[in-house]
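Take the points in order and look up each residue as you go.

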Amino acid sequence: MNTRQTGTKYEEYAVSYLKEKGYEILERNYRNHYGEIDILAKKEQLLVFVEVKYRSHNHSGSPLEAVDAKKQRQISRVAFFYCGTRAQGEDTPCRFDVIAINSRKQVIHIENAFEYRR
C-alpha cells in the first residue's frame, strides 16, 4: 500500500469516528491554492477543519507532532479561503481539530488543537 492509499484508509477511519460522534461530513480532501484539508465537518453551527495523521510506529515521532506551526499556518490559510468563498464568510465560527491514529488504531481526537495562524 502506498502513502496515499494508507492516508485514505485512515481518513476513512477518522470519518467513521466523526460520524459516530455526531459530526456531519461536508467535504474530504478539500484543496485550494493554499493547500489541502483532510476533512471538513460540521457539528451544530460550528465548521470543523480536521487534519488526520497516522503513524505505523513512533520512530518518526507521534502523529500529533506532525502538525507543527508550518502545517497549522497552511491549514489556517486553506480554511480562511474556504470560509470566504464557500461558507457564510470570514465570521463563520470554526475550529481546528487533529485526529491522530496510531499503529494500534487508537484514535486521539484533539478538539480545538490550535488557533488560527497567519
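1. Contact here means heavy atoms within 4.5 Å. Helices (H or I, at least four residues) and strands (E, at least two) are DSSP runs, numbered from the N terminus. This is a predicted model, where local features need pLDDT of at least 70, side-chain atom pairs count only at pLDDT 80 or more, and totals for chains, interfaces and linings use all residues. Residues are numbered from 1 along each chain as its sequence is written, and side-chain values use heavy atoms, leaving out hydrogens and water.

2. Let's begin with helix 2. Its buried residues pack against strand 1 (24-32), strand 2 (35-43), strand 3 (46-54), strand 4 (94-101) and strand 5 (107-114). Among these buried residues are Ile-75, Ser-76, Val-78 and Tyr-82. Buried means under 20% relative accessible area, exposed over 50%, and partly exposed in between (1.4 Å probe, protein chains only).

3. Ser-76 sits in helix 2 and counts as buried because its relative accessibility is 0%. Leaving aside neighbours within four places in sequence, Ser-76 is in contact with Phe-96, Phe-114, Glu-115, Tyr-116 and Arg-117.

4. Now the aromatic rings. Rings of Phe, Tyr and Trp (its six-membered ring) pair if their centres lie within 6.5 Å; planes under 30 degrees apart count as stacked, over 60 as edge-to-face and the rest as tilted. The count comes to 7 aromatic pairs. One of them, Tyr-10 with Tyr-54, is stacked, at 3.8 Å centre to centre and 5° between the planes. This pair links Tyr-10 in helix 1 (residues 3-20) to Tyr-54 in strand 3, 44 residues apart.

5. Tyr-30, Phe-49, Tyr-82, Phe-96 and Phe-114 form one aromatic cluster.
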